[in-house]
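Me: I would like to learn how to read a structure like this one, feature by feature. Could we go through it together?

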Amino acid sequence: MIMPVLTIDDRRIEVEQGATILDAAARLGIRIPTLCHRQGLEPWASCMVCVVSVRGPDGNSRLVPSCASRAEEGMIVETDTEDVRRARRLAVELLLSDHLGDCIAPCQQACPARMDIPRMIRSIRSGDFTAAVETVREAIPLPGVLGRICSAPCEKACRRGRYDSPLSILLLKRFVADADLASASPYAPPAAPSLGRKVAVVGSGPAGLSAAYYLLKAGAAVAVFDGNDLPGGMLRYGVPEDRLPRDVLAAETDVIRRMGCDFRMRLRLGSDLSLDELRADYDAVFLALGETVPSAGIPDGLETDEHGIRVDRKTFQTGIDGVFAGGDCVRPIRMAVHSVAQGRTAAFSIVNYLAGGCPAGRHTPFSTHIGRLLEGEIDNFLLEGDPRERVLPAGGASAGLSRDEAVSESARCLHCDCRRQDDCRLRSLAEETGAKGRLYRYSLGEGVPERRVFRQDASHPDVIYEPGKCIACGICVRIAEKALERFGLAFVGRGFDVQVRGALDRSMRDALEKTAGECADACPTGAIVLRSPVPAPRHRDSSER
Amino acid sequence: MTGENIDVTAVERIVAETGRTQDALVPLLQAVQEEYGYLPREALEHIAKITGIPPAAITGVATFYDEFRHKPIGRHVISVCHGTACHVKGAPVLSESLAGYLKIPEGEDTDPSGLFTIRKVGCLGCCSLAPVAQIDDVIYGHLTPEKLPSVLQDFLAQADAISVQRSGDVIPQGRAGEVRICLDSCCVARGTERVHQALLRAISETGARVVVKRVGCVIVCNETPLLEVLVPGEAPYLYARVRPEDVKAIILRHFRPTGVRRVIGSAVSRTLDAILTDEAWEPVTRYSITARDPQVAAVLDPQKHIATEDYGCADPTDLQEYVAAGGFTAFENSVTHSQPSEVIEEIMASGLRGRGGAGFPTGRKWAGVAAAASGVKYVVCNGDEGDPGAFMDRMLLESFPYRVIEGMAIAAFTVGARRSYIYIRSEYPFAVKRVREALERCRSAGFLGDNIFGSGMCLDISVMKGAGAFVCGEETALLASIEGRRSTPRVRPPYPSESGLWGRPTLVNNVETLAVVPWILRNGAAAFRRLGTPGSSGTKVFALAGKTVRGGLIEVPMGITVDKIVNDIGGGIAGGRVFKAVLIGGPSGGCLPAGLADTVIDYDALSEAGAIMGSGGLVVLDDSDCMVDIARYFLEFTQNQSCGKCTFCRIGTRQMLDILTRLCSGEGRSGDLEKLEDLARMVSAGSLCGLGKTAPTPVLSTLRYFRGEYEAHLEGRCPAGRCKALVTYSITDDCIGCTRCAQHCPADAIEMKPYEKHEIDAARCIRCGTCLSVCAFNAVKVE
């Protein structure tokens, strides 16, 4: 038997008869992305993200799906040409245009600090409050404070609000924070190994405290300078005490102090210290000066705009090397959660700056969104949520939720976020190819739905099926067929309307008697997915790069 | 699906008759639907239970093909043709009016009383009668929205009276002469059957000594019903557009009976006497044309008939006649005197290329299958003609079934196949029936079966009836369909010549390709090669439709110019309008603007111009046609017919359609043209099969030649005044309040106000143009 020899990206490889281009590339260590391909199943060639360019004898190149194209003698294959990249990106964009789901839940999407609210709620539901506080503190270093004063844009976005009333996210967060602070050893994140660098933070309001917290967590040494007697900035000197008891603020500041923060109080920038001195003594400076009258209180040499200090919107870097700024001195939004978010983002940017000199902002991962719901569609989301109405704290709003109340309220969550958001192959390909999620959207005029209707099939004890997320790759159909399922899954319909459903109208429960787990494992998106009663372990900082 | 209880014993019978294996699945479902009118879920469950065919396969196949229904059907089915010719002549408005008239709820296809179900069909193959609709077995042509009520009434009143009968000739003995009548779908649609009945009646009443002969397509479809009268010693007379009431007069004119017996015996003696006067001839001769009439001569002269040899004079069902005319000699000579390699050499030397569209050299394909090492091989004849504006294959199968069978038999001998399939699309029930009958006669005559011509060769051919899926035209999808699976294409190679049906080497050829094979072998490769151009030898059959004076099937030598087809054969543009473009190759093809009419019919010349040879659809457009609308129409077709497997075709064509729909409704956005062009190129480059690869061609070629029209749509103008959303109808002060428009409006958009100026409710108006055509006072304005 002749072994065909071909060239892939200018490298020669000999493969066995019948091998595909994808096999041959794998042998050379050349990675080609796939979605509909699965080892052990016949190639299907539907997603087309594995296209490569094959140069024919006439010199013209054509695109072929490498998963199903046979490696042939003398073939010249290129896996990374401009045409290939464009085709892959378009294939992903087209799939995304017909992929209905929220990678990230609307509440998290609305949160300026991008806190993983659904995960916190699921931890509460399972009684794992430590996990809950860990999740909260990933994004919000002052949860007791914000659990009281945040304007809670998350609750306005909460999908449950379309049905009865939104989850009590604010009170849940407060419950988590209060329970933690009341415990013997309140949670403090494990610090990374020391970076051997020093950062000066000017201002101890929400932006400054937040930056300090994440800089310390990343291993930097931090000194916080403030003209006042006690840390907290506007939180201490602007917010009335009945809204924010000062002991809560003090307890959360203490967490930061315990992490190693050096609070240098009663030192005012301008009169007591200068920016140049700080620049000389520290490797980086973060200015969190609070709301300033334009051009008053802003150190000389810093560019300003109509709002305040002019910064790069992604990195929060000012015009001066090594000097960063955030919070209301950049733009007076007067929303603590925004300041906290900016302080965190600036901290990442500063850490990047310290590491390589090139500050890169926080990366916002690619996400798809359902957006506004269609008429009556909310009913299809209710499978997961406890139908009972919102739990109101028995002790009144100032008392917060009790443990039982918190657990009970958490059961109302609809789990809008995708169960595969961390290992969805479509999502990571969107990142990899630079696809734009909203480039292709439907609008065929009035009366024509612009997208699929959200549905869930929760009939199966192990898996949930969301047809809107299905990209018709057919992996599950082929798995069920191969395993000789009694009913199995079928492609129903044709063309754009094709759907994967249980054969002979069977539910998922009957369709997948043997292979539900395998199908969920193999599904390249979150269409068929294992139920998640307890949050699966998630690697840290999944939202960061 | 409904939950009503059905009696499944019929399913048991059907399974016993049809088979239990997956390759019987499509015929099984067809038979079940025949029985119940749809596919009841209980029946599908029962099939799964008693056959062991996997439920997933049953669901997959039952929901893939257009033909299969999952809801009960109305008592009568109205199939509204949405083929290209019907589209340009107003099918969309017709469908909309019909649904409105029958008060069919949005999203449904059956009226509340369950009397009528409306279906959209790809093409009924009666393009010369466009727009057409078929109600049960009866085809109504040249429909307009205002004709619909009377058509439905006519149908209900005469449902029994005009049921079509296609057999039962009673021919008087003795050959005094011959009357030939075409009984193909087109002609039957046009009322030939009624003419035929009138003819038989006339002969029995007059006692004329004349043989009536049914012939295949006469290729002047828009002049039908056609009668050809052969009087011994005289040149043939051809009568066009014959009405049943004319027939007796025609018979009496040419076969005047002796004596007065016929006058006495006639039930209509008074009418007859009147007809026999000189004046009474007038209505008949008015329609008469002879073969030397310059018009018809122009239609026929530039043509060259190979696939359609003996058109109009051969009885398509008469095997003896086919044999007498040299039929099956090529097959016999090959089997008894040639080696397969010699046949392949001859086919190669002829330069024959596949007539299905892509133009792959036929000889090379045959050689590939012949060389494949396998004890079992198949030949498949691809008769899944899906181009919604073409009916070449239907005509060849209906009119020349033996020629196609002989071509297949020669191919089977050459490649070494013992079993072969003719795949015929479901919309051609008459072709299925005729080919099945022809196969049976060939078996009886020994042209098929065991030990053919005593050579030891065995061959059987069976018919596989499609179930409605354009993608089956793609060969790997076609083979999946024969195997009883969803017709989704797969990556080639391996080509079917290496691994086809059930993994065996399989030769897949188009109907027309196979139909010319016997001619090549009888007349020699050189004779074939003398026709056409160096790169494209022989002839090509086209379905000429659209805005020409004449339409129908034509067979022309390769190398003829488009201009000659449009102006000489087609007789130029009808209605004093201006020739704008031709569309060649249907939904996979492109357009050629009038300025390029000197382009010749040649695979390479056409593809250089951005069109393709295609399978033979040729639609002529005039200045009232909108190129954006045409591109949208074709894309809507291919998008709807996409199998849904690969991303580029499934979603990409939908995105393209989205943009085109926006443009046609005046909602185009800046950047739409660039996005459309970019998508078109990528869908073409990236799609898995020919359907997806060629679906963007109409868009790309209209963008190439008519970009200005696209830009006009972006600005909210349709230069041709075709795009509904971009035109408005209004009534001017010339209105005298006659209420005619209000009476005829199918959308109730005009309130009846006698003796007052009427008004059109723009929100209700469907821009069907009925008011414009019925107004006697020129009071309807279109802007």
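Predicted model: local features only at pLDDT ≥ 70, side-chain atom pairs only at ≥ 80, totals over all residues.

Me: Which residues of chain A are linked with A:Glu384 in a network of salt bridges?

Reply: Residues are numbered from 1 along each chain as its sequence is written, chains are lettered from A and ligands numbered from 1 in the order in which they are written, and side-chain values use heavy atoms, leaving out hydrogens and water. A salt bridge is a side-chain nitrogen of Lys or Arg within 4 Å of a carboxyl oxygen of Asp or Glu. Here A:Glu384 is linked in a network with A:Arg419, A:Glu466, A:Lys469 and A:Arg531.

Me: How many salt bridges does this rule give over all chains?

Reply: The count comes to 65. In one of them, A:Arg148 meets A:Asp178 at 2.8 Å, N to O. A:Arg148 belongs to helix 6 (residues 143-149) of chain A and A:Asp178 to helix 8 (residues 169-181) of chain A, so this pair ties together parts that are 30 residues apart in sequence. Helices here are DSSP runs of H or I with at least four residues, numbered from the N terminus.

Me: Is that pair buried or exposed?

Reply: For that we use relative accessible area: buried means under 20%, exposed over 50%, and partly exposed in between, with a 1.4 Å probe and protein chains only. A:Arg148 is buried at 17%, and A:Asp178 is partly exposed at 25%.

Me: What is the setting of the salt bridge between B:Glu398 and B:Arg394?

Reply: Start with the general idea: an α-helix has 3.6 residues a turn, so residues three or four places apart point the same way. B:Glu398 and B:Arg394 are four residues apart in helix 19 (residues 392-399) of chain B, and are therefore separated by about one helical turn. Their side chains meet at 3.4 Å, N to O. B:Glu398 is buried with a relative accessible area of 0%, and B:Arg394 is buried with 1%.

Me: Which residues of helix 4 of chain A are buried?

Reply: They are A:Ile117, A:Pro118, A:Arg119, A:Met120, A:Ile121, A:Arg122, A:Ser123 and A:Ile124. With eight of its nine residues buried, helix 4 (residues 117-125) of chain A is largely enclosed by the rest of the structure. Among the elements that cover these residues are helix 3 (106-110), helix 5 (129-139) and helix 7 (153-157) of chain A. After helix 4 of chain A comes A:Gly127, with a positive phi near 80 degrees.

Me: Where is A:Leu382 found?

Reply: A:Leu382 is in the loop between helix 13 (336-356) and helix 14 (403-410) of chain A. A:Leu382 is buried, with a relative accessible area of 19%. Contact means heavy atoms within 4.5 Å. Leaving aside neighbours within four places in sequence, A:Leu382 is in contact with A:Tyr163 and A:Leu414. The C-alpha atoms of A:Leu382 and A:Leu414 are separated by 6.3 Å, although the two are 32 residues apart along the chain.

Me: How many residues does the largest nonpolar core have?

Reply: A nonpolar core is a set of buried Ala, Val, Leu, Ile, Met, Phe, Trp, Tyr and Cys residues joined through side-chain atoms within 4.5 Å. The largest has 148 residues, and A:Ile528 and B:Tyr710 have the most contacts inside it. Helix 28 (residues 647-664) of chain B gives the largest share of this core, nine residues. A second, separate core of 104 residues includes A:Leu142 and A:Val248.

Me: What is the area buried between chain B and chain A?

Reply: Buried area is the accessible area (1.4 Å probe) that two parts lose on being put together, summed over both. Between chain B and chain A it is about 3,900 Å², with 57% from carbon and sulfur atoms. The contact takes 51 residues from chain B and 44 residues from chain A. Five salt bridges are found across the interface. A:Arg506 and B:Glu45 meet in a salt bridge at 2.6 Å, N to O. On the side of chain B that touches chain A, helix 28 of chain B supplies the largest share, ten residues.

Key: Helix = DSSP H or I, 4+ residues; strand = E, 2+ residues; numbered from the N terminus.
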